[in-house]
Amino acid sequence: MAPGARNSSRWRDALGSLSARLLVAFLVPTLLFVAVAGTSVYQLARSILEEELGTSLSAIAAATATQVHGERLLTIEPGDDVTGTRTWRNFVRHFENIAEASGVRRVFAVDTQGRVRVDVGGKLPVGVEMPELARDRLELTRVFAGARVASQVLFTGSDGRLYKTGYAPILYEGRVVGAVGVEGSAAFFGPLKQLSRTFASMGAVALAALALIAVLTARGLARPLRRLMASALRIGRGDLTTPVPPEPTLEIGVLARELEDMRGALESRDRQLKMMLAGVAHEVRNPIGGIALFSGILKEDLQSGTHAEASAHVDRIQREVAYLQRIVEDFLAFAREQPLARAPVEAPTLLSVACELMAAEASARAVSVDLDAAPAVLEADGSLLTAALVNLVKNAVQASPPGGRVQVSGTATGGHYTIQVRDAGPGVPAPERERIFEPFFTTREKGTGLGLPLARKIALAHGGALRLDSTPGDTRFILTLPLGTSRTDLTPSR
């Protein structure tokens, strides 16, 4: 792989990691919140402070305007500032006192044409048009209409600071003859900017703390997830013996338990499959050997023209083939996963059918089969339960001595239907009871050892159970089925 492709792959892996995703999930919303909240607070504070500054300046202008005699103001003519007329000096002194007392930068008075009459702080000569008024044209229209207002925008002075202007009308005999303007510095912007920088610093600290929390949280989550990933990879590679370790976190613990259950099920199925393959190989070897032997003898007899024993050899071969066929059918019946086709089934009818299917074999062995079944309705797969019951009855018939009796009974108690198949045979020795339901375990010379495991598998699939109670002369297989079932799939026993 090229270096560029490797680097691109590393970046994709890093961005797709849990740590990166948690960092993005924590930091991006927080960053957006801090940015939006900070900007909103800054704009709101600026708007409030600007409005307060404008109100204050317009109030100072209004107070100044009430102290200005309109007629005397209009007597000031161009050149009075050069000659220093008494009226002009009095206005200048008065405006200087106001500027000093209120802390404003500039106080001026203009006539309705916007020409300067007095300018303290701006030093514009008397009679010139004040260029600064052009930016506040709309505000001046309202002032000359008799209202006091403040400029809507801040402007930058020659000292680089921001300023705002408040206006108020000068009245004489009930009419507006001019306006007073007061310029004040927006000194609050210094602390406001400092507050903004402080907020940004606190936001950066909060983001760093969240990043640390995200990294620690991601590591705390990633460790158990990595352990689960390692366990899943082991299972995927075929290691079904190493248990999945439990995890303390609730959600991850549930996942670990489910993964352990899956591993156990796979291990059980794998062990069962190996056992079945070994059993099939063992069971198939003898009939195949017999077929090979008798087919070879049959060939020699046919070549030599001896046909007297050919029929016996053919019968023996057919018996071995039939046995092979039964092995294959039993194997497929046990290994096949089948969904349950549930339907209401009369329990006595089910038991009666199973007994009838075994009647011929029981008669051949001189064994009687007695049936005593209480009425009940099961929600079950009739064909599968019949197969399970046939295996139980067949096992009892084969274990019974000639002239013996097999008792099949069914009773409904406590929401369950209990079926007992009882024989008077020699019983199952204690060492073999633990293995009686293992696939391919059998004590008979001719037997696949799949009948009882298949019966138990069918019982478990129906939400029931199958157990053995055995003593010499009294062996009972007890099949318990719920009258109401919820499982729907035929799955292997574990």
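Predicted model: local features only at pLDDT ≥ 70, side-chain atom pairs only at ≥ 80, totals over all residues.
Local features were considered at pLDDT of at least 70 and side-chain atom pairs only at pLDDT 80 or more, while totals for chains, interfaces and linings use all residues. Residues are numbered from 1 along each chain as its sequence is written, and side-chain values use heavy atoms, with hydrogens and water left out.

Five strands form an open sheet of mixed pairing in the order 8-10-11-13-12 (strands are DSSP runs of E, at least two residues, and helices are runs of H or I, at least four residues, both numbered from the N terminus; two strands pair if DSSP finds at least two bridges between them). Strand 8 (368-373) and strand 12 (465-471) are the edge strands, each pairing on one side only. From one strand to the next, the twist averages 15° (axes are lines fitted to C-alpha atoms, for helices over the stretch in contact, and angles run from 0 to 180 degrees between N-to-C directions).

Strand 10 (residues 405-413) pairs with strand 11 (residues 416-423) in the antiparallel sense over 7 bridges, and serine 409 has glutamine 420 of strand 11 as its bridge partner. These two strands form a hairpin with 2 residues between them, and glycine 414 in the turn has a positive phi of about 60°. Strand 11 is joined to strand 13 (residues 474-482) by 8 bridges, the two running antiparallel; here valine 421 stands opposite phenylalanine 477. Strand 12 and strand 13 are likewise antiparallel, over 7 bridges, and serine 470 is bridged to threonine 475 in strand 13.

Helix 10 packs on the sheet through strand 8, strand 10 and strand 11, its direction making about 175° with that of strand 8 (contact means heavy atoms within 4.5 Å). Helix 12 touches strand 8, strand 10, strand 11, strand 12 and strand 13, and its direction makes about 25° with that of strand 11.

The axes of helix 10 (residues 347-357) and helix 12 (residues 382-399) come within 9 Å and cross at roughly 50°. The two helices are therefore oblique to each other (angles under 35 degrees count as roughly parallel, over 145 as roughly antiparallel, 65 to 115 as roughly perpendicular and the rest as oblique). Residues of helix 10 in this contact include Leu350 and Leu357, and those of helix 12 include Leu385 and Val390.

The axes of helix 12 and helix 14 (residues 451-461) come within 9 Å and cross at roughly 140°, which makes this pair oblique.
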